[in-house]
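Q: Hey, I'm new to this one. Can you walk me through it?

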Amino acid sequence: MFEKLSRRWRKWSTIWKHRRFISEAVEWHAFFLANRDVSVWGGVSEDDHRGLREAVARAASFEGPIVEIGTLFGWTTQLLASLKSPEKELIAVENFCWNPFCVPPDDHRVITRRTLHYCLEHCRTRIFDGSSREFYDTYAGRPPSMVFIDGDHSYQGVQADIRWAREQGVAVIAGHDYNARLHQPIVRAVEENFGSDIQVFGTVWIAGGESRQARPRLAA
Ligand SMILES: C[S@@+](CC[C@H](N)C(=O)[O-])C[C@H]1O[C@@H](n2cnc3c(N)ncnc32)[C@H](O)[C@@H]1O
């Protein structure tokens, strides 16, 4: 009897001790369960895959690396690595400030590195461990062929990402979460920069590059 009560006490005191983390994790859990059509636990949906495919195909006509802002656990990074040519470099920018499971930043870092092990070893992929701002301030390579924006989801954050990409002369600028119901600041920033001159696949938006869909069909 005493042992049972003591176990219960330990359990509830652990829950109390971690109550803030548990409450945040539950909130994200409920959010992503309610919005499965838009995002898979912070990552892209199957519909969005079409947009990434299209964006990488457009970027193939241009020199320079692909830059992903906001890597999370490396899901889109792996997709981008599988779609790009082996020679093209892929830079995954991530500051480990957020994840839907509320895993602490250092553990998040380890999980992402392990997930991306193959890409890091064999697919000309590297992680920039830092914020997009730090990346922009220090990047000295050739202008990227494509930037995929899925990091800071605030209006100012997306504006800064788009501004840098435009200043660099990036051919294909794309991003995730183009959804007015859940991410109005993203839609606002994208529309202020590109108006209606974007294509949307699921919630992936793409500006620039030659649309493969607009390409005239060759006669058989
Ligand atoms: C929605 S998740 C990215 C999802 C990922 N692209 C995927 O589909 O698998 C956003 C990520 O951006 C990161 N992030 C947020 N603000 C950032 C910033 N200013 N610089 C770099 N990474 C940032 C967060 O830590 C988080 O991992």
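Q: Which domains is the chain divided into?
A: Two stretches: domain 1 (2–34) and domain 2 (46–207), with bounds taken from an automatic or database domain assignment. Bear in mind that this is a predicted model, where local features need pLDDT of at least 70, side-chain atom pairs count only at pLDDT 80 or more, and totals for chains, interfaces and linings use all residues. Residues are numbered from 1 along each chain as its sequence is written.

Q: How far apart do the C-alpha centres of domain 1 and domain 2 lie?
A: They lie 34 Å apart. The C-alpha atoms of the chain fill a box of roughly 80 × 40 × 40 Å along the principal axes.

Q: And how many helices and strands are there?
A: The chain has nine helices and seven strands. These are DSSP runs numbered from the N terminus, with helices being H or I of at least four residues and strands being E of at least two.

Q: What share of the residues counts as buried?
A: Of the 220 residues, 36% are buried. A residue is buried if 20 or more other C-beta atoms lie within 10 Å of its own, exposed if 12 or fewer, and partly exposed in between, with C-beta atoms placed from the backbone.

Q: OK, the ligand. Which residues come nearest?
A: There are 21 residues around the ligand, and G43, G70, L72, W75 and G151 come nearest. Being near takes a C-beta atom, placed from the backbone, within 6 Å. The elements giving two or more residues to this shell are α4 (75–83) and β2 (90–94).

Q: How does that shell divide into nonpolar, polar and charged?
A: The shell has eight nonpolar, 10 polar and three charged residues. Ala, Val, Leu, Ile, Met, Phe, Trp, Tyr, Cys and Pro count as nonpolar, Asp, Glu, Lys and Arg as charged, and the others, Gly among them, as polar.

Q: Back to α4: which of its residues are buried?
A: T76, T77, L80 and A81. They sit on the same side of α4, because they cover an arc of only 140° around the axis, going by the directions from the helix axis to the C-beta atoms.

Q: What covers them?
A: The cover includes α3 (46–59), β1 (66–69), β2, α6 (117–122), β3 (125–129) and β4 (146–149).

Q: You mentioned β2. Is V93 in that strand buried or exposed?
A: V93, in strand β2, counts as buried, with 26 C-beta neighbours inside 10 Å. Leaving aside neighbours within four places in sequence, V93 is in contact with residues including V67, I69, F128 and G151, where contact means C-beta atoms, placed from the backbone, within 7 Å. V93 and G130 are 37 residues apart in sequence and 6.7 Å apart in space, C-alpha to C-alpha.

Q: New topic: which residues have a positive phi although they are not glycines?
A: W41 is one of them, at about 50°, and D177 is another, at about 65°. W41 lies in the loop between α2 (19–34) and α3, while D177 is in the loop between β5 (172–175) and α9 (184–194).

Q: Are those two buried or partly exposed?
A: W41 is partly exposed, with 16 other C-beta atoms within 10 Å. D177 is buried, with 23.

Q: Last one: in the largest nonpolar core, which residues touch the most other members?
A: Of its 40 residues, A55, M146, V147, F148, V172, I173 and A174 do. Such a core is a set of buried Ala, Val, Leu, Ile, Met, Phe, Trp, Tyr and Cys residues joined through C-beta atoms within 7 Å. Not counting residues up to four places away in sequence, A55 touches M146, F148, V172, A174 and I206.

Definitions and conventions:
Contact = placed C-beta atoms within 7 Å.
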